[in-house]
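I opened my notebook to go through this one piece by piece. Here is what I looked up, in the order I got to it.

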Amino acid sequence: MTTTTTTDADRALKTKHRALWAAGDYPAVAADLIPQLGPELVRASGVRPGQRVLDVGAGSGNAAIPAAARGATVTASDLTPELFDAGRAIAARRGVDIEWVEADAEALPFEDGSFDVVTSCVGAMFAPHHQLVADELVRVTRPGGTIGMINWTPEGFIGHLFRTMGPFAPPPPPGATPPPRWGDEGHVAELFGDRVTDLQTVRQKIVMDHAPDPLAFREYWKRNYGPTIAVYRYQSDDPARVAELDEAFLRFLTAWNGSDTPGRTAYEAEYLLVTARRR
């Protein structure tokens with residue numbers, strides 16, 4: 001009875017998580033704000049022609065498509081298959097072939113040691129149970145193979161975006177760890193433990209300069225980004241709380257804007273680039 005209850009609760013959580021990322025337009029966010037992250041992860045992971053590559057939390061293929069463009073045999077997995085149509089269209093334009101598989105990062109449907117390289121570009125970090133994710137990334141990587149990740153840091157722009165939304169968000173599920181913890185070097189080292197060698201973690205930044213002003217950028221997040229949409233939906237029956245969230249969000253974006261040029265914004269977003277080899 002207990003096992004059934006746990007399974008049902010977990011299934012409900014995954015359904016909710018899938019709906020969160022299907023909301024809005026994440027392929028637009030990936031294309032508008034972070035197009036350089038996938039190629040950077042593929043470069044750092046040393047993807048070569050002929051390798052078997054798995055991209056976990058692939059979304060619309062930010063890392064999977066550049067990996068395939070290098071001649072690798074690529075499987076793109078994600079809990080939210082609604083994102084695959086956009087990925088297939090981009091892959092077709094790039095002239096690459098990718099296998100798209102609906103899969104939970106906490107329970108990947110692949111055999112042990114199936115892949116030479118396993119990557120995740122700001123994807124697997126959003127699964128609630130970090131240790132399960134780390135276990136799966138290691139399990140499906142062949143001995144001597146490479147694990148590569150890009151994760152937002154707690155101290156960076158996205159970490160602070162989640163901190164801003166936190167007081168207005170629904171309570172996290174039991175046992176969940178905040179996604180930006182994956183951007184903490186110590187946390188990553190603890191998750192992988194002695195199952196990997198040559199663990200390297202480097203903090204790097206990209207600049208998001210898509211919007212003309214902080215107000216327009218707030219509306220961009222509200223329109224396109226699943227987690228932001230979910231927080232606003234959670235407060236939708238309380239106009240006063242929505243107004244408070246709007247104000248807090250705008251204060252945050254105004255404070256973090258690094259541009260002093262009228263009609264332009266610039267937001268430095270820090271991420272942790274992680275590479276390791278499975279022992």
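Before I could talk about strand partners, I needed a rule: two strands pair if DSSP finds at least two bridges between them. I also reminded myself that this is a predicted model.

**Entry: the sheet**

I started with the strand order. Seven strands make up an open sheet, and they run S3-S2-S1-S4-S5-S7-S6, with mixed pairing. I then looked for the edges: strand S3 (98-102) and strand S6 (196-208) each have a single partner strand, so one side of each has no neighbour in the sheet. From one strand to the next, I noted a twist that averages 15°.

**Entry: walking through some pairings**

I took strand S1 (residues 52-56) and strand S2 (residues 73-78) to begin with. They run parallel and are joined by five bridges. One pair I jotted down is aspartate 55 with its bridge partner in S2, alanine 76.

On to S4. How many bridges pair S1 with S4? I found three, in the parallel sense. Here valine 53 has valine 117 in S4 as its bridge partner.

S4 and S5 also run parallel, with six bridges joining them. For phenylalanine 115, the bridge partner in S5 is threonine 141.

**Entry: threonine 275**

I picked a residue in strand S7, threonine 275. Buried means under 20% relative accessible area, and threonine 275 has 15% relative accessibility, so I put it down as buried. Which residues does threonine 275 touch, leaving out those up to four places away in sequence? My list reads Ala44, Ile147, Gly148, Asp198, Leu199 and Gln200.

**Entry: helix H6 and what it packs on**

Next I followed helix H6 (residues 130-140), starting with its neighbour helix H8 (residues 185-192). Their axes come within 9 Å and cross at roughly 60°, so I call H6 and H8 oblique to each other. Their crossing is right-handed.

Which residues meet there? From H6 I have His130, Gln131, Ala134, Leu137 and Val138, and from H8 His187, Glu190, Leu191 and Phe192. Sorted by class, the contact of H6 with H8 has five nonpolar, three polar and one charged residues.

Back to the sheet for a moment, with the S1 to S2 pairing of five bridges as my reference point. H6 packs on the sheet too, touching S1, strand S4 (115-121), strand S5 (141-152), S6 and strand S7 (267-278). The direction of H6 makes about 140° with that of S5.

I moved on to a run of helices. The axes of helix H9 (residues 214-224) and helix H10 (residues 226-234) come within 6 Å and cross at roughly 85°. That is why I describe H9 and H10 as roughly perpendicular to each other. On the H9 side, the contact is made by Arg218, Trp221, Lys222, Arg223 and Asn224; on the H10 side, by Gly226, Thr228, Ile229 and Tyr232. By class, I get three nonpolar, three polar and three charged residues for the contact of H9 with H10.

H10 also packs with helix H11 (residues 239-256), at an angle of about 145° and with the axes 9 Å apart. H10 passes H11 in a right-handed crossing. Thr228, Val231 and Tyr232 of H10 meet Val242, Leu245, Asp246 and Phe249 of H11. The class tally for the contact of H10 with H11 is five nonpolar, one polar and one charged residues.

**Entry: the start of the chain**

The buried ones are Tyr26, Pro27, Ala28, Val29, Ala30 and Leu33.

My last stop was alanine 12, in helix H1 (residues 2-22). With 45% relative accessibility, alanine 12 counts as partly exposed. I also checked a distance: the C-alpha atoms of alanine 12 and threonine 73 are separated by 33 Å, and the two residues are 61 residues apart along the chain.

Notes
Residues are numbered from 1 along each chain as its sequence is written. This is a predicted model: local features need pLDDT of at least 70, side-chain atom pairs count only at pLDDT 80 or more; totals for chains, interfaces and linings use all residues. Side-chain values use heavy atoms; hydrogens and water are left out. Axes are lines fitted to C-alpha atoms, for helices over the stretch in contact, and angles run from 0 to 180 degrees between N-to-C directions. Helices (H or I, at least four residues) and strands (E, at least two) are DSSP runs, numbered from the N terminus. Angles under 35 degrees count as roughly parallel, over 145 as roughly antiparallel, 65 to 115 as roughly perpendicular and the rest as oblique. A crossing is left-handed if the near helix is turned anticlockwise from the far one by less than a right angle, and right-handed if clockwise. Contact means heavy atoms within 4.5 Å. Ala, Val, Leu, Ile, Met, Phe, Trp, Tyr, Cys and Pro count as nonpolar, Asp, Glu, Lys and Arg as charged, and the others, Gly among them, as polar. Buried means under 20% relative accessible area, exposed over 50%, partly exposed in between (1.4 Å probe, protein chains only).
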